[in-house]
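Student: Can we walk through this one together? I'd like to start with how the chains meet.
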Amino acid sequence: MSTLSIIYVVLFYVATLLLVVGLARKIVQYTRSPAPLKIPTTPAPTSTSGVAYRMAKEVVLFESLFKSSKWTWIFGWMFHFGMLLVLVRHLRYFVADVPGWLAAMQPFGKYAAFMMVAGLAGLWARRFLVDRVRYISTLSDHLMLALLMAIGISGALMTFVSHTDIVSLKMFALGLVRLSPQPVPETPILLVHLATVAALMIIFPISKLLHAPGVFFSPTRNQVDNPRERRHLADWAAQLEK
Amino acid sequence: MAAAPNFEVAKLTGEITVPKLREGAMAGIKSYNANDKMQEALGFPGALVEDWHDRAIGKMGELLKKYRSLQVFMDACVHCGACTDKCHYYLGTSDPKNMPVARQELMRQVYRRYFTFAGKYFPKLVGAKDLTKEILDDWYSYYYQCSECRRCSVYCPYGIDTAEITMAGREILDSIGVGQKYSNEILGKLIRIGNNLGLPGPAILDTLQGLEEDVLDETGIPVRFPLDEEGAEVLLVTPSADFFSEPHVESLIGYAKVFHAAGISWTMSTKASEAGNFGLFIGSYENMRKAALRIRDAALELGVKRIVVGECGHAWRVAYSFWNTLTGVGDGAAEADEFAKKLQAQLDHSVPQPSHICEFTHDLLKRGVIKVDKSKNDHRIITFHDSCNVSRASRMGDMPGGQFIIPREVIKMVANHYQDMAPGTTHEATFCCGGGGGLLTDDLMEVRVKGAQPRMEAFKDVVDSNKVNFLALICAICKAQFTKVLPYYGYDMGMVGGVHQLVGTAIELPGLGAGPVEEEAEEAESEAAAAGDE
């Protein structure tokens with residue numbers, strides 16, 4: 001294998017490790033931190049199933065964002081839903097036999113790249129055009145958008161403009177999964193695409209991308225509104241009664 | 001009317017607009033600091049400690065471990081901007097640091113620097129900053145320009161609640177010796193004496209006797225205002241402002257008339273002579289708990305079966321959401337939980353514990369236990385201001401959103417003319433009065449007046465279009481704030497009043513004694529008991 005292939009193989013193993021360990025650590029931290037007081041933003045569901053429904057609306061439809069800003073909601077939802085379709089489409093590179101549904105959704109996954117990139121463009125434009133959003137934008141906010149844009153555009157270029165050798169790419173991907181590394185196809189666009197994806201994986205657990213696991217742990221959204229019906233007491237607060 | 005303000009008061013248009021940001025517009029605004037006595041009474045250092053930097057970072061680390069809200073909220077924000085036009089203080093002042101995300105960033109920049117990989121090694125890239133005196137000043141200034149109203153948390157896609165961050169900011173500041181005079185002095189009085197005003201028992205008794213005489217003179221009926229009466233059915237815990245402030249006292253008279261007309265025995269308590277709890281405002285669990293325990297103690301001593309809370313927004317948040325946790329006032333304690341069981345065994349669980357006075361009156365009105373003559377309120381065209389803490393941090397009744405329905409139904413059952421303000425300014429989207437969360441002090445008058453602007457715009461709209469002349473409230477802070485702020489916008493402070501002021505106006509008081517009514521009430525209650533608790 002070429003040095004380049006070795007670098008990419010190592011890069012992806014390291015990136016995966018950092019992503020998984022980093023996220024697991026954060027999730028453990030969130031799970032272990034107590035929520036000593038009942039603070040759901042009301043009106044809030046009075047049952048666990050109600051909370052699941054509220055959370056589903058939040059995660060799938062971005063309900064609160066819809067209430068607050070239609071433009072941000074449209075662009076944000078286009079980006080996230082587009083990215084989801086694109087990600088699902090990419091599963092084909094990681095399984096030897098592509099199941100029927102996965103083959104059938106390929107065209108949707110391909111064109112979703114446009115939705116994703118258009119959403120990103122809209123979100124980025126807001127950082128320049130709306131004075132309030134411009135004020136709160138940091139360098140890392142712009143770089144994050146640049147990174148996602150680079151991933152989306154390099155991917156779309158390979159799908160629609162300059163095709164890459166997807167047979168060798170699949171061998172590379174399967175090689176990673178099967179712990180028997182294969183050479184990476186050395187086309188520049190693919191190399192850019194893979195490197196930016198690995199970068200995203202690495203920064204995921206140490207950046208604002210933590211909003212993805214975070215939303216599930218947000219006490220204002222995941223608590224049941226039943227403080228009068230049940231006594232809610234954190235361990236450290238219970239110590240005060242001793 | 002107050003003296004001419006030394007700041008500009010916007011001319012109302014009846015519409016809420018989002019201003020262009022003006023950096024530093026409110027940078028100089030600071031409320032007075034607490035002195036050493038006020039600080040030490042709450043267990044905080046008397047003045048800025050020498051090792052403030054390390055202690056502040058240490059405290060932040062401690063709070064991150066104790067509160068998942070803070071930990072998740074520090075991590076999750078993506079700077080999407082959804083909250084930037086939601087805060088009444090931003091809308092009223094156009095200072096960008098009053099945008100919720102920017103207020104959060106004041107803490108997040110420090111969190112990143114000391115607690116995250118990216119901030120430790122690439123501070124410039126992610127906007128991480130060392131904690132400096134300048135940042136502490138910013139914290140003090142802007143964490144006391146937030147009323148912890150939670151409007152931003154409704155709109156945040158991750159439910160980030162700036163109130164939690166403001167509370168943590170204030171707690172850290174207190175822990176290094178930098179407290180706010182208004183909040184900490186009042187909280188000290190509450191913990192030491194039993195109410196925010198520092199009224200001793202005899203003064204309360206004197207006031208209540210005076211009220212009995214006033215009501216007797218006015219109606220010819222001996223409506224009682226009982227204090228510290230053991231064996232009463234109901235303990236009423238109400239903000240101490242109800243004892244003498246205008247228009248608060250009108251609602252207290254309303255509650256007394258409701259109890260009288262229903263024939264339900266009740267009492268107030270000198271020990272629990274305050275529903276408010278500023279421990280919430282400064283994010284101090286320990287102090288909030290200490291203050292709340294006075295209510296538990298009073299309930300146990302008096303042997304009451306029910307606890308009812310008067311008109312006060314943040315008090316209702318603490319009572320509804322936290323009392324069970326802090327004191328056991330509520331239901332559903334575990335078998336082994338002796339602390340809570342002791343009190344819960346005494347309480348009547350066929351009704352919610354605690355109950356809001358609006359829940360209490362609503363139930364009596366619906367069951368016909370108390371009667372009203374709505375026409376007595378015909379001179380009033382009423383609108384209702386949803387208090388922030390009631391709307392976004394509590395509930396009434398047994399369904400989500402009952403906190404919006406029940407007070408409105410009470411108003412409509414006692415008055416003929418009611419008009420809601422514009423959608424987007426009511427229910428969970430309500431705007432804070434501008435004086436909540438520890439800002440109801442004269443040294444923050446500019447913040448209060450400007451922060452009230454969004455509410456005032458919506459109010460102007462219904463005054464102009466519907467000839468509204470009464471702003472009905474269920475919060476002591478809202479009442480004090482609007483009484484003071486309305487004149488700045490050209491309205492008469494007499495337009496402000498409580499929901500139970502309206503009830504008190506319309507209620508029909510049974511003649512002499514309460515003989516036949518008591519039977520009716522008991523009958524009705526046994527019916528309710530038969531219906532079973534849920």
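Student: How many residues does the contact take from chain A and from chain B?
Tutor: It takes 59 residues from chain A and 65 residues from chain B. Two residues are in contact if their C-beta atoms, placed from the backbone, lie within 7 Å. This is a predicted model, where local features need pLDDT of at least 70, side-chain atom pairs count only at pLDDT 80 or more, and totals for chains, interfaces and linings use all residues. Residues are numbered from 1 along each chain as its sequence is written, while chains are lettered from A and ligands numbered from 1 in the order in which they are written.

Student: What ipTM does the predictor give the complex?
Tutor: The ipTM is 0.96, and the pTM is 0.94.

Student: What is the mean pLDDT of chain B?
Tutor: Its mean is 94, and 95% of the residues of chain B reach 70 or more. pLDDT is the predictor's confidence in each residue, from 0 to 100.

Student: Where in chain B is the pLDDT below 50?
Tutor: Over residues 513-525. Beyond near neighbours in sequence, that stretch of chain B has 13 contacts in the model.

Student: New topic. How many helices and strands does chain B have?
Tutor: Chain B has 24 helices and 7 strands. Buried residues make up 59% of its 534 residues. A residue is buried if 20 or more other C-beta atoms lie within 10 Å of its own, exposed if 12 or fewer, and partly exposed in between, with C-beta atoms placed from the backbone.

Student: Which domains does the assignment give for chain B?
Tutor: Domain 1 is 36-186, and domain 2 is 193-419 + 468-506. These bounds come from an automatic or database domain assignment. Taken over C-alpha atoms, 32 Å separate the centres of domain 1 and domain 2 of chain B. Their contact takes 15 residues from domain 1 of chain B and 10 residues from domain 2 of chain B.

Student: Which elements give two or more residues to the domain 1 side?
Tutor: In chain B, they are α9 (151-155), α10 (162-175) and α11 (181-192). The largest share, 5 residues, comes from α10(B).

Student: One residue now. Why is B:Pro123 called partly exposed?
Tutor: Because 16 other C-beta atoms lie within 10 Å of B:Pro123. B:Pro123 lies in helix α7 (residues 123-126) of chain B.

Student: What does B:Pro123 touch?
Tutor: Not counting residues up to four places away in sequence, B:Pro123 touches B:Arg113, B:Ala128 and B:Lys129.

Technical notes
Helices (H or I, at least four residues) and strands (E, at least two) are DSSP runs, numbered from the N terminus.
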